[in-house]
Amino acid sequence: MKHVIPKTYKEALEHLSEGTYKVLAGGTDLMVKNRSWSETPARFKQDMLYIHNLDELRYVEDKGDHLAIGALTDYETLLRHEAVPKVLKDCLIEIAGPAIRKVGTLAGNIGNASPAADGVLLLYLLDAQLVIERKGARREALIDDVITGPGKTTLSNEEMIKEIRLPKSTFTKTQFLKVGGRKADAISKVAFAGAVRIEDGIVKDLRMAIGAVNVTVVRLREVEKLHTGETISAVQDSIVSIKNAYVPHIKPIDDQRSNRVYRKRVAFNMIEDFIMNMHIQD
Ligand SMILES: Cc1cc2nc3c(=O)[nH]c(=O)nc-3n(C[C@H](O)[C@H](O)[C@H](O)COP(=O)(O)OP(=O)(O)OC[C@H]3O[C@@H](n4cnc5c(N)ncnc54)[C@H](O)[C@@H]3O)c2cc1C
């Protein structure tokens, strides 16, 4: 088994092109998954590519119409950056604790592809585009098209995420709600992110994303679109049909953190609460 620390991003892509390596960024998921007895090396089962030295992937750049976030940018840096949207910061401050946030990355949150991942929930809400590269090739994809199930993505063994792009948007209200077993350092039992832009009483942009209730984050763009352009009261009068539209998609499981009955009830309460209070600004 090989353990490689590339000096440059180009070199990282060279190694990845062999198709046998697993990328390790902050390691906050991978080290836990491959943990071993104290003072013994982690039990990795494949060649490892440690990319934490690649400072060229650590940046937050305002590109006018979008914010470009380098794949190795840690959560603490994002929390302190003025250009990072408030709703994303509201989420990041609730991820783990300071030590994990100092090394954990959004790219790692995507790569781990947990249905309960908090960062990923916000990337769905913000229509994040991922810049994915392999040696000699590059593609861009919407977050929804990259995560396909628990621990599953469309990333091939030769590819890695280089950058996360957040299109600029203006909202009149945003909300991030995380229900965990304790106030801090908890994995979500269920989580909700909502954003709305209301102009002259008309809903111009409506977004809701729900985490830990299905195999991937639930975001129903067709339902959001259906109610875009309506008055606030028209949207609120449709609350029953809006909730009904989510019924086939809110399919949580029982696990060590929670159960399906509780998750379902909380998820629907969060949807209703956001819709019925979307005109009340923070
Ligand atoms: C104590 C603790 C608390 C936590 N709390 C939370 C929480 O509240 N909310 C939450 O969502 N998560 C939480 N996590 C999980 C974890 O911190 C996050 O998922 C984090 O974002 C992972 O980032 P990383 O850089 O450490 O990923 P790594 O562990 O380095 O990698 C994770 C996966 O992503 C892949 N990967 C990493 N970078 C790239 C890249 N550039 N391109 C392609 N694939 C890549 C890796 O190959 C691997 O499959 C917690 C973890 C711990 C240990």
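Aromatic rings of Phe, Tyr and Trp (the six-membered ring of Trp) are taken as paired if their centres lie within 6.5 Å, with planes under 30 degrees apart classed as stacked, over 60 as edge-to-face and the rest as tilted. The model is a predicted one, in which local features need pLDDT of at least 70 and side-chain atom pairs count only at pLDDT 80 or more, whereas totals for chains, interfaces and linings use all residues. Residues are numbered from 1 along each chain as its sequence is written, and side-chain values use heavy atoms, with hydrogens and water left out.

By the ring criterion, two aromatic pairs are found. The ring centres of Phe44 and Tyr50 are 6.5 Å apart and the planes stand at 75°, so this pair is edge-to-face. Burial is assigned from relative accessible area (buried under 20%, exposed over 50%, partly exposed in between; 1.4 Å probe, protein chains only). Phe44 counts as buried because its relative accessibility is 8%, and Tyr50 is likewise buried, at 16%. A tilted aromatic pair is formed by Phe192 and Phe274, with 5.6 Å from centre to centre and 55° between the planes. Distant parts of the chain are linked by this pair: Phe192 belongs to strand β12 (residues 190-199) and Phe274 to helix α11 (residues 260-276), 82 residues apart. Helices (H or I, at least four residues) and strands (E, at least two) are DSSP runs numbered from the N terminus. Phe192 has a relative accessible area of 0% and is therefore buried; Phe274, with 0% relative accessibility, is also buried.

The domain assignment divides the protein into domain 1 (3-166) and domain 2 (173-276), the bounds being drawn from an automatic or database assignment. A distance of 25 Å separates the C-alpha centres of domain 1 and domain 2. Contact, defined as heavy atoms within 4.5 Å, involves 23 residues of domain 1 and 25 residues of domain 2. The size of an interface is often given as the accessible area lost when the parts come together. Between domain 1 and domain 2 the buried area is about 1900 Å², with carbon and sulfur atoms giving 59% of it; this quantity is the accessible area (1.4 Å probe) that two parts lose on being put together, summed over both.

Five salt bridges are counted between domain 1 and domain 2, each requiring a side-chain nitrogen of Lys or Arg within 4 Å of a carboxyl oxygen of Asp or Glu. The side chains of Asp127 and Arg221 form a salt bridge with an N to O distance of 2.5 Å. On the side of domain 1 that touches domain 2, at least two residues each are supplied by α4, α7 (118-125) and β8 (147-149). Helix α7 provides the largest share of that side, six residues.

Positive phi values in residues other than glycine include those of Asp200, near 50°, and Ala212, near 70°. Asp200 is located in the loop between β12 and β13 (202-211) and is exposed, its relative accessible area being 81%. Ala212 occupies the loop between β13 and α8 (221-226); with a relative accessible area of 11%, Ala212 is buried.

Ala83 lies in the loop between α3 (75-80) and α4 (86-92). A relative accessibility of 27% makes Ala83 partly exposed. The C-alpha atoms of Ala83 and Leu67 are 7.6 Å apart in space, with the two residues 16 apart in sequence.
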